[in-house]
Amino acid sequence: MPNPIEAAASATPRAVARRIRGLSDRTIAWLFVAPTIFLLLAINIFPLIWTVRLSFTNFAANKPNAEVKWVGLRNYIRILTDDGIWANMQTTAHFLLWTLFFQVVLGFTLAWLINRKFKGNDLLTTLIVLPMMLSPAVVGNFWTFLYQPQIGLVNYVVEVVTGTPASSFSMLGPGGLAKWSIVIVDTWMWTPFVMLICLAGLRSIPDYIYEAAEVDRASKWRQFWTLTVPMVLPFLMLAVLFRGIENFKMFDMVVLLTGGGPGNETLLASIDLKREAFEKWRTGYSSAYAIILFVTVFGLASIYVKALNKVKER
Amino acid sequence: MSAYSITEPTRRSKWVAALLVTLYTVITLLPLVWIISTGFKSGQDSISYPPKVVFQPSLEGYVNLFTTRTRVSSDEFGNLPPPATWYDEIVRDQGMVIAGPSRFGERFLNSVIIGFGSTFLSIVLGTLAAYAFSRFKVPLKDDLLFFILSTRMMPPIAVAIPIFLMYRSLGLSDTHLGMILLYTAVNISLAVWLLKGFIDEIPREYEEAALIDGYTRFQAFRKVVLPQAATGIASTAIFCLIFAWNEYAFAVLLTSGTAQTAPPFIPTIIGVGGQDWPAVAAGATIFLLPVMIFTILLRKHLLRGITFGAVRK
């Protein structure tokens, strides 16, 4: 295909041609991309490489003048053989799997209902979406008020609905409820995210497919499992990918709700990492911890994306 | 018979759906309604049991949010001149006097400065890069785009350690500039991906026509592409702004005074014996309302924004 710019340039006098072209496209491309790449190298990649370097030392950021020693793989070995850290990983997995489960079930159901296109569904969708756009820190902090023992709104609602006395349990205190309390808040916040993506998936299914199924006398039940679910699946998997990465990194909402307590019941890996790095100041050790977490999320995400692409190809 | 589709849901199923979705909406909005209403409760009302739905509205929370107060003994109380303003009176009713303004105003202003500063930078850099990725053959384009996206997968704490050290030695700790640069670096991936999608949708023919008319590439970009991409740029900007506005992890680790934003500050608002809930709720209301309004304005582009442009509808 002849390039219209070239054609225009060759047909005009040289001085004009130069003006048309100004800088060459290649120069402009580099000029435009360079600031972004530079910024990312300076504030993302350079720090990451620095983290890797620190992870092989015993450096402590609160003692910048102390002698720094290379310790080889010692930090990594200590982390991978530490029972406490495996317990945190289990806490993280509990949070991750249950939030994903509830958000997928609720999000898909809501999208499926909204897709009935009843009057006012747009307004309700906009209202439902509100929680996910808000600051997890500010909202998480306020949920501690809703979760207050004895007098909190949540305890009151539970008493009214189920008859369990409000003073007999504590959402954030000892008794094992705390790790469900954080799942509830995260589900409240992020169900709309899964819902929106599922809704896009449902709306992408053309009507004629269902019409054909009706003609073939496929039952509604069968249509749901053989048409709706497979066609929404790639969307749903994308939503799970986003939520999975985000919740693996989860810090703000949970740290303000429970701070990792009671005891270590809700100590997610990222909260533990923050304690090691910025409270105990074990910089070298926590750098290794950070790298392990990053590699884990990156590895899991890559495997998942491969699976997602397979589903898409089908 | 008018056009009738056999796939159209029945009236009854629409009713059931509407009912269930409305029920969910009411439940999901309850915590937000509670934040707003608690802001207008007195300290006593906020912690009464059973929780009060109907109450005497009070501006105690808002007054406490913006002031610091000291308790005065009953002897001294008699010697004070009568309260000069309505907010003096509200504080006196709690048995205290105003000692000075609180830091909430400053923290809120920091959120505004850092939010807008980083949004502006992300949009400028992001638009340039997105245009280049959309229109030119950039070597290793796909790898670069993936690299830009992958920076978003890093747990913030993982990069916070070296950034903390780096900022300390560069004198950027707890400065507006430091936070603006940091949030720009986090937001740039979103900006590039979203804007590339928006620019991809602008037909190339417009620019080519402009080039033939004697515009330089740069003029064509400025006078043809930018106006066409205005809506996309505006919604991308709002997404960047909301992210910077809500961010907590970096803010709490890297700022403590001068540049501290509102999210790390609001949870530290305390009164007598623990958090001063009406004041916290008042602060949260002021802080969350702009985002709620932006969300409603953005609703058409919401899906695109939260998926980095992966789902467009």
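Which residues of chain B does the UniProt annotation "transmembrane region" cover? According to the unreviewed UniProt entry, they are 15-36, 112-132, 144-165, 177-195, 224-245 and 277-298. This is a predicted model, in which local features need pLDDT of at least 70, side-chain atom pairs count only at pLDDT 80 or more, and totals for chains, interfaces and linings use all residues. Residues are numbered from 1 along each chain as its sequence is written, and chains are lettered from A and ligands numbered from 1 in the order in which they are written.

**View 1. Annotated spans of chain B.** Residues 15-36 of chain B are 100% helix and 0% strand, with end C-alpha atoms 31 Å apart. For residues 144-165 of chain B the figures are 77% helix and 0% strand, and the end C-alpha atoms are 27 Å apart. Helices (H or I, at least four residues) and strands (E, at least two) are DSSP runs, numbered from the N terminus. The unreviewed UniProt entry also places "domain: ABC transmembrane type-1" on residues 108-298 of chain B. That stretch of chain B is 77% helix and 2% strand, and its end C-alpha atoms are 23 Å apart. UniProt positions follow the numbering used here, feature names are shortened, and annotations may be inferred rather than shown by experiment.

**View 2. Overall form of chain B.** Chain B contains 16 helices and 4 strands. Its radius of gyration, taken over C-alpha atoms, is 26 Å, well over the 20 Å that the globule rule gives for 313 residues, so chain B is more spread out than a compact globule. The globule rule is 2.2 Å times the number of residues to the power 0.38. The C-alpha trace of chain B spans about 85 × 75 × 40 Å along its principal axes.

**View 3. Contact between chains A and B.** Chain A gives 83 residues to the contact and chain B gives 85; two residues are in contact if their C-beta atoms, placed from the backbone, lie within 7 Å. On the side of chain A that touches chain B, the largest share, 16 residues, comes from helix 3 (residues 25-54) of chain A.

**View 4. The largest nonpolar core, at A:Phe142.** This core has 157 residues, and A:Phe142 and A:Cys198 have the most contacts inside it. At least three of its residues come from each of domain 1 (4-54) and domain 2 (77-313) of chain A, with bounds from an automatic or database domain assignment. A nonpolar core is a set of buried Ala, Val, Leu, Ile, Met, Phe, Trp, Tyr and Cys residues joined through C-beta atoms within 7 Å. Apart from neighbours within four places in sequence, A:Phe142 is in contact with B:Ile35, B:Val280, B:Ala281 and B:Ala284.

**View 5. Surroundings of A:Ala137.** A:Ala137 lies in helix 7 (residues 136-146) of chain A. A:Ala137 counts as buried because it has 27 C-beta neighbours inside 10 Å. A residue is buried if 20 or more other C-beta atoms lie within 10 Å of its own, exposed if 12 or fewer, and partly exposed in between. Neighbours within four places in sequence left aside, A:Ala137 is in contact with A:Asp252, A:Met253, A:Leu256, B:Tyr248, B:Pro263 and B:Pro267.
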